[in-house]
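Here is a short briefing for a first look at this structure. Keep the 3D view open while reading.

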Amino acid sequence: MKKRVEVPIGKRESQTLEFKSADALKNPFTISREVVAMLNAGGGEIWIGLSEQHGVATAAENIADPERAKVDLLNHLIETIEPPLTDEVQIETREVESTTLLWIGVGDVRAGPPFALKKDKALQFFIRVDHRVRPLTHAELFSSTKTGGDDNARLLRGTRDEIVKRRKPLLWIGAIPARHRGRAS
């Protein structure tokens, strides 16, 4: 169902707001990367079909066959984001005048384990900082505020178990940082 809403033309990208042109649908990795980064940073909105200049939305671009684009994008997100999505992400069509856009609402799920993007048989972890995306550092990935204590071990065991299920030869090394006591060595 198409919703008529206020489209953020003239607004600037921020921690919780991202604009992608309609061409971004040709490379859905760029969209899923933003979704993962927002999942790990507290949520936000991604508008597909808005051109931008210097981070400011300038014009709406019609998406051909928006219902099909919505289904294809949702399937891509489900296939490439770990842990599996449930209801953290919503995709809707939004209409402005005679132009149809896609809107992605990303929930705030920072309390759980970090989300990752599966690409080239690897998990990539991203976070949104202001209007940019960057990889999560090892310290952020295993910080006690993100997955905390025993959850680190569960996360590593879960990743190891998924790799073992594939039954292909590999070398698995997992490390859980120890809590620092006293001064650094």
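In this predicted model, helix 1 and helix 2 pack with their axes 10 Å apart, at an angle of about 60°. The two helices are therefore oblique to each other. Their crossing is right-handed.

**The helix pair**
- Helix 1 brings P28, F29, I31, S32 and V35 to the contact.
- Helix 2 answers with L73, H76, L77 and T80.
- Two packed helices are described by the angle between their axes and the distance between the axes.

**The nonpolar cores**
- The largest nonpolar core holds 26 residues.
- V35, I81 and I104 have the most contacts inside this core.
- At least two core residues come from each of helix 1 (28-39), strand 3 (44-48), helix 2 (66-80), strand 7 (89-96) and strand 8 (99-106).
- Helix 1 gives the largest share, seven residues.
- Another core, of eight residues, lies apart from the largest one. Its members include V7, W47, A57 and W103.
- In soluble globular proteins, nonpolar side chains tend to be buried together.

**Around I104**
- Which residues does I104 touch, not counting those up to four places away in sequence?
- I104 touches I31, V35, G44, E45, I46, I48, L73, V89, Q90 and I91.

- Three strands form an open, antiparallel sheet in the order 6-9-10.
- Strand 6 (81-82) and strand 10 (122-124) are at the edges. Each has a single partner strand, so one side of each lacks a neighbour in the sheet.
- Strand 9 (residues 116-119) pairs with strand 10 in the antiparallel sense, over three bridges.
- The bridge partner of K118 in strand 10 is L123.
- Helix 1 lies across strand 6, strand 9 and strand 10. Helix 1 runs at about 155° to strand 9.

**The hairpin of strands 4 and 5**
- Strand 4 (residues 50-53) and strand 5 (residues 56-60) pair over four bridges, in the antiparallel sense.
- S51 has A59 as its bridge partner in strand 5.
- Two residues sit between the strands of this hairpin. H54 takes a positive phi there, near 55°.

**The whole protein**
- The secondary structure comes to four helices and twelve strands.
- Of the 185 residues in the protein, 41% are buried.
- Take the contacts between residues at least 6 apart in sequence: 68% of them join residues at least 24 apart.

Methods:
Residues are numbered from 1 along each chain as its sequence is written. This is a predicted model: local features need pLDDT of at least 70, side-chain atom pairs count only at pLDDT 80 or more; totals for chains, interfaces and linings use all residues. Side-chain values use heavy atoms; hydrogens and water are left out. Two strands pair if DSSP finds at least two bridges between them. A nonpolar core is a set of buried Ala, Val, Leu, Ile, Met, Phe, Trp, Tyr and Cys residues joined through side-chain atoms within 4.5 Å. Buried means under 20% relative accessible area, exposed over 50%, partly exposed in between (1.4 Å probe, protein chains only). Contact means heavy atoms within 4.5 Å. Axes are lines fitted to C-alpha atoms, for helices over the stretch in contact, and angles run from 0 to 180 degrees between N-to-C directions. Angles under 35 degrees count as roughly parallel, over 145 as roughly antiparallel, 65 to 115 as roughly perpendicular and the rest as oblique. A crossing is left-handed if the near helix is turned anticlockwise from the far one by less than a right angle, and right-handed if clockwise.
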